[in-house]
Each structure stands twice: as C-alpha cells, then as structure tokens.
Amino acid sequence: MSSKTQSATVDRGFIERLRASPFLSQLLSNRLAVAGLIIIAAVVVLAVYARLTYDLSNLLATQFGTNPSEAPPSLQYPFGTDGQARNIFPRVLYGAWYAVLYGTVTVAASTVLGVGLGIIAAYYGDLTDNIIMRTMDVLLSFPSLLLALALVTIFPEEFGLWRAVGALTLVYTPRFARVVRGAALKVLEDEYTDATRALGATDPRLLVRHVLPNCLAPITVQSTLNYGLAIIDIAALSFLGFGASPGEPTWGMMLSNGVEYGLFSGAWWWSFFPGLLLALTVLGFNLLGDGMRDALDPRMRETVD
Amino acid sequence: MVSRRFVLKRLLLLFPVLFGVATVVFAILHLSPGDPAVTIAGERASQEFINEIRSDLGLDDPLWQQYLRFLGDVATLEFGQSYQINRGTPVSEILANRLPITIELALLGELAGLLFGLPLGILSAVKQDTWTDHLTRVGALSGISIPIYWSGPLLILLFAQFFGLLPTSGRIGSEYFIEPVTGFILVDTLLAGNIAAFQSAVYHLFLPVVVLGIYQMALLSRMMRSSMVEVIRQDYMRTARAKGQGSKITIMKHGLRNAFIPVITVIGIQFGSLLGGAVLTETVFEINGIGTLLVDAISQSDYPVVQATVLVFAVLYTLVNLGVDITYSILDPRIEQ
C-alpha cells in the first residue's frame, strides 16, 4: 500500500470517528461553546486581514504631523490615537495577528513536547517514567508566571517576543505531559492494546496509530484551555517589560504604554481597546475550552486539569 | 484522623522537590547570557577589576563546585548581597521586609475569592441551567479572561482618579510611618494603635484585593459549581431527599462537605495563579512586595535577588500544596490508600 492511500484511509477514519463522536455533537449543542468558537473565528479573520492589509513599518512609525496626538475615538480614528500620533485601530487589529501567531506557536510547541514526553513516560514506565515525570513535577512546583519570568532571562534580548514564547512553552509542557500520560495509561490498560501487540505491532506503530488517536480529545481540550492562557501570559510578560519591543503593536505592549503614558492624563482609549480585544479573545478560548471539557468522555475528563 | 505516617511521608517528599527547584533556579541563572561580574563592576570597568570580582564571587570555579556551594547556601538560607536594587544589603533582609506585604495581599485576595466565589458556585449548581446559572458561569469565565493589568488600571482610573474615593497606588499614606513588627501592615498599624494609619492601609489595599479577588472568585466559583453538580447527582443525595429531608438541608448536610473536597485541591493548585496575579497586582498598584522585587531584579540583572525570590515563591507554593494535601487527607481519609 502506498503511503498516500494509507494517509487517506487514516483521514477518512478520523473524520468518521469525529462525526460519530458524541463529543462534537454535545459540544455544538452548547451555546456558550459555539459563542466562543465564533469569537475565535472572528479574531482569526481580523488577524489575517490585518496581516494582509497593513504594512508593519507604517504601524511602527510615529505619525506626528499626519495625525493629532492622543486624539479621542472618532469616526476617523475609531480607537483614537496614541502618544506617537499613531492610529490605534489598525494597531489593535494587527495585535490580533501577534496574539494568534505567538499563541499558536506556544501552544503547538508545548503540546508536541508534552505529548512526546507523556506518551513515552506512560509506555516505558519505570525509570523512564520516573525521570520524566519527576522533572515535570519540579517544573510544576513553580507558580507558572514566575517561572516564565525567570525563564525569559535565559534568552537573549534580541529575541523579543520569542523569549516569552520560549519561556511559556517550557512552563506549559509539564501540564501536557501530565494529561497525556494519564490518558495514555488509560488507553494502554484497554484490551485492544494487547490485541494490537499480539498482532505484532511495533512500539512506535502502537503509540502513533493507536494510543495517540485515543488521547486526542483530552489533548485538544488542554490545548484550547492553554491557548487563552498563552495569549494572556504573553501579554503579561510584555506588560512587565519582558517580551515585545517598545512600539511593537502587540496588545501587551500597547496596554503597557497606554497605562504608563496615557491613562492618567486622560487618554484612556490608548490602553482600553487593546485590553478589550485581549479579554474578548481569551474569553473566546475559555468558553470553547470549558464547553469541550464538559463534552469530554467522563473517563478522560479527570485527566484534564 | 490523619495518620502521622502520611504527614511524615509528605514532609519527606518535600526534600527532593526543593532540591529539584533549587537545581532549576541554578540552571536558569547559569544559562542567562549576562555576566554578574560585569553587572556589579559596571559597563565601563576595566577587565582586571571584572576578573577580580569574578574570582571573588567564585565564578571561575568549576560549575559543579559552584553548584554545590549554591546548594549549601540555599540550605543555610544564605543568599548573599544584592548587586543592584539595594546594593550591599543582604538579600535575606530585603526579603524579610517585602515578603509579608505579598503574603498579606495574596491571603486577602484568596479570602475575597473564597467569600464570594464559593457561594456563587453553590448557587449556580443548585440553580443548574437557569438564568442565574448561565449568568454566573459567563461572569466567572469573564473573570478569568480579563487581565489584571487591564482591569486594575481601569479601576484606578474610575475609583481613584474620577470619583476620588480611593488612593491610586502604594500600600499606605506617605504621612504614616509604622514601625514594622510583623511586617503585615494591617496588623502593625493595629499593634501601634494608629487607627488613622490602619484606615489608610485598608483604603490602599481595597482595589488591589478586589482585582486579585475577582480572578480567584471566578476560578473558585467555577470549580465549586462543577464539584457541586457532580455531588448533587450522587445516590446518597437522592436517598437523603427520599427520606423526606428538605433539599436545602440535604445540600448543606451532605452536599457541601463532599463538594468541598475537590475544591480544596484546586485552591492549592490555583495558589500558583494567585501568586502570579499578585506580581501583576503589585506592579499595577506600585506595591513593594516580592513581586515587584522580582520584576525589578530581573530587569536590573540582580542575580542573588532573582534566585532568592524565585526560590521563595516556589517554596511558598509547595508548602501551601503540602498543607492542602494534609487537609484533604483529613476530609477524605480514603486518600491515604
């Protein structure tokens, strides 16, 4: 069988399983989860639109002479202008691109790392399991934002926002490892695992073709819940001064500048709108993640924290 | 009754965790690209001077020697002197002054969260799938989605700037000087018998506690709701009602005790987010706790302060979770097996 047809059968099997799954139908009957999904879709559309429409160098440059400085919201400047006379509206839209991009990389990287470590720990057990999980436990003994703050320092400053992504990836990985290990252990207890092994399946085949697909639901829930957290934490690190460079149109940076230079001199819009979009986006992920957790098979629910 | 063996076992398990935590902190600081000797000497110092500092600090020694020395220092709570923030002051002294301020803020935030979050969660569960429930749930999800560094400044703008009801920042009015006894300002002002100072401290703490409390309230009401919903479905609840017991009494007598058990674990786990929130709250309200200390220390490369502060935060978190585990085993003796 060629590899192409093989992947096609895998895909069809996956879609059929998805369609038949009570998970999806239950999720879609949850109005709050659907509202979350709509918010996320809107943010992604805005993000892509902003990325394709605006030129980043224009958004970075000061606009004295072109625009008034610290102008309140109006038809011309829907979200007002900031202290550098920049129009805040396109900057906030571009901030969505940053949030989606850096949030996705953070969640994807910690999911991949965590899934790998968790499955290996569950499958090999004993010493391997102990070494991996005790290391994860140590990382989990730090309050997450504080560990991220400390970890940011190991990356050179030129990395900008990628420092926050790197630090938070390391902070979130243990959670995924724990969830996946728990779920994988449950799958490995099942009889079909023994059956597959009796049929002569190799370790990697058993893990990738049988254990991993059966752990997908809790992994997806954990990823969704972490997505909102990643976006809010990346912005928090920027707010504290570790992440975006000054002037960069990320929500965290705009908030930080707006609070520091604008809020108490009357220019509330400078920090208000970036914060509003940030809160709405995070709410979208929390609504969806919450609905997903409720829709999850109760046996797997307890593995997600 | 909680067995002594269980507590002893949990206490012994603390050591490997603390050892691991110390190792991670050591690793982080040694992976950082900055050179502490340059930080101390200043950018324009001569190479000889920098080398001298390097050998004074023992930075030329092999890594394993530095590691062992670091572990020894941690074990004896000897964190050295600050390079930058309070140059020359022992780090333990800085921490002793600032730690109570963070603990005070965090405890009050947690208390506010419990006080409002638990009843809301119970209400939501009892009125499951009514408008009260939907509203509470959306409110709770919004509460955890709103960043502290957005809601905090907006509340300052509204209540301090616009209405002029509360102070904008700080921990107490600058006109008061209170001799630190316990380090907790609310306690110290009362010990000093200075009611005006106490009032000022309360006013200053109000908004920070609200901001921090909203987040905890949101988290706790969610957990309380899902735990209570689970308990209401149990057979013993139906039996109690079938016996003719009023549903309010059933919930109070059988429901709460069982529903609290998982929530207590969550309080422990979420203590980490409380501490993270405290760092952000301190930054927003310019409160001199260990949160702002850590942020300042990192941006000024004050390594001894960074390592001590991160360690203290991790130890605090670990100890709270130890306490939670022990409480849990008292409430649910099955956990020991």
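Me: How do the axes of α12 and α13 of chain B cross?
Reply: Keep in mind that this is a predicted model. In it, the axes of α12(B), residues 290-299, and α13(B), residues 303-331, come within 9 Å and cross at roughly 145°. The crossing is left-handed.

Me: Which residues make that contact?
Reply: From α12(B) you have B:Ile290, B:Leu293, B:Leu294, B:Ala297 and B:Ile298. From α13(B) there are B:Val305, B:Val306, B:Thr309, B:Val310 and B:Val312. That gives nine nonpolar residues, one polar and no charged.

Me: Over to chain A. Where does A:Ala85 sit, and what's its phi?
Reply: A:Ala85 is in the loop between α4 (56-60) and α5 (88-124) of chain A. Its phi is near 60°, again positive in a residue other than glycine. A:Ala85 has 18 C-beta neighbours inside 10 Å, which means it counts as partly exposed.

Me: Is α9 of chain A buried or in the open?
Reply: Largely in the open, because zero of the eight residues of α9(A), 191-198, are buried. Just after α9(A) comes A:Gly200, with a positive phi of about 95°.

Me: OK, the interface. How many residues of each chain are in contact?
Reply: 36 residues of chain A are in contact with 36 of chain B. On the chain A side, the elements giving two or more residues are α6 (126-140), α7 (144-152), α10 (203-239), α11 (251-262) and α12 (269-295).

Me: Which one gives the most?
Reply: α12(A), with nine residues. The side of chain A that touches chain B divides into 26 nonpolar residues, eight polar and two charged.

Me: What does A:Ile232 touch?
Reply: Leaving out residues up to four places away in sequence, A:Ile232 touches A:Val282 and B:Pro147. A:Ile232 lies in α10(A) and is buried, because 27 other C-beta atoms are within 10 Å. A:Ile232 and A:Thr281 are 49 residues apart in sequence, with their C-alpha atoms 9.2 Å apart in space.

Me: Now the largest nonpolar core. Which residues touch the most other members?
Reply: Of its 170 residues, those are A:Leu146, A:Ala148, A:Leu149, A:Val180, B:Leu275 and B:Leu294. The largest share comes from α9 of chain B, residues 195-232, which gives 18.

Me: Pick A:Leu149. What does it touch?
Reply: A:Leu149 touches A:Leu240, A:Phe242, B:Leu294 and B:Ile298, again not counting residues up to four places away.

Key. Residues are numbered from 1 along each chain as its sequence is written. Chains are lettered from A and ligands numbered from 1 in the order in which they are written. This is a predicted model: local features need pLDDT of at least 70, side-chain atom pairs count only at pLDDT 80 or more; totals for chains, interfaces and linings use all residues. Axes are lines fitted to C-alpha atoms, for helices over the stretch in contact, and angles run from 0 to 180 degrees between N-to-C directions. Helices (H or I, at least four residues) and strands (E, at least two) are DSSP runs, numbered from the N terminus. A crossing is left-handed if the near helix is turned anticlockwise from the far one by less than a right angle, and right-handed if clockwise. Two residues are in contact if their C-beta atoms, placed from the backbone, lie within 7 Å. Ala, Val, Leu, Ile, Met, Phe, Trp, Tyr, Cys and Pro count as nonpolar, Asp, Glu, Lys and Arg as charged, and the others, Gly among them, as polar. A residue is buried if 20 or more other C-beta atoms lie within 10 Å of its own, exposed if 12 or fewer, and partly exposed in between; C-beta atoms are placed from the backbone. A nonpolar core is a set of buried Ala, Val, Leu, Ile, Met, Phe, Trp, Tyr and Cys residues joined through C-beta atoms within 7 Å.
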